[in-house]
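I am opening my notebook on a new structure. These entries record what I looked up, in the order I looked.

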Amino acid sequence: MAMEEAIFEQPWANFFGFERVDDKGKTHWQPWVIRGNGTLRLTSKGVYFSRYAPQLEIFIPLQDILKVDLGRWHNGKTYLFLPILKIHFEKDGEVQIFGVCVGRKRKALRWKEKTEKMMNLGTRS
């Protein structure tokens, strides 16, 4: 995956996997996901996550992101007292939620704000 310059970057972010939202609005966990650390990047095109091991590359285009919020739980798991950044996006007609822990609340809020700012800069088509 060709990588463009990062606007914001977080090494050692902890991946919590994806949740799925059905057409009735109910969230479904996928608790058997392989969690792991990786680098999270925000660019002018979207959010990239590259898990270190086992290797996994994820890209969420900005135009597919519906909202960004913070939570305490994702896929039935928590990271002690640290918030989890949740990126809600649409893929193949289905709403999914990408969950990742980027550190303390202040850092998670910065990620949320910067991602929302990129969504609102007219980068959505």
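I began with the accessible surface of the protein, which comes to about 7300 Å², with 52% of it belonging to carbon and sulfur atoms. Areas here come from the Shrake-Rupley method with a 1.4 Å probe, and for residues only the protein chains shown count as cover.

I noted that this is a predicted model, in which local features need pLDDT of at least 70, side-chain atom pairs count only at pLDDT 80 or more, and totals for chains, interfaces and linings use all residues. Residues are numbered from 1 along each chain as its sequence is written, and side-chain values use heavy atoms, with hydrogens and water left out.

**Fold**

I looked up the elements and found 1 helix and 8 strands. Both are DSSP runs numbered from the N terminus: helices are H or I with at least four residues, strands E with at least two. The pattern along the sequence is β-β-β-β-β-β-β-β-α. The radius of gyration is 14 Å, close to the 14 Å of the globule rule for 125 residues, so the protein is as compact as a globular protein of that length. That radius is taken over C-alpha atoms, and the rule is 2.2 Å times the number of residues to the power 0.38.

**Core**

I read that 43% of the 125 residues count as buried (under 20% relative accessible area; exposed is over 50%, partly exposed in between, with a 1.4 Å probe and protein chains only). A nonpolar core is a set of buried Ala, Val, Leu, Ile, Met, Phe, Trp, Tyr and Cys residues joined through side-chain atoms within 4.5 Å. The largest one has 23 residues, and among those touching the most other members are Leu-40, Phe-49 and Val-100. Helix 1 (105–120) and strand 8 (94–101) each supply at least two residues of this core.

I then followed Val-100. Leaving aside neighbours within four places in sequence, its contacts (heavy atoms within 4.5 Å) include Phe-15, Leu-40 and Phe-49.

Most residues other than glycine have a negative phi, and most peptide bonds are trans. I looked for exceptions.

- Trp-12, in strand 1, has a phi near 60 degrees and is exposed at 59% relative accessible area.
- Asp-92 has a positive phi of about 55 degrees; Asp-92 lies in the loop between strand 7 and strand 8 and is exposed at 75%.
- A cis peptide bond joins Ala-53 and Pro-54, with omega about -15 degrees; Pro-54 is in the loop between strand 4 and strand 5.
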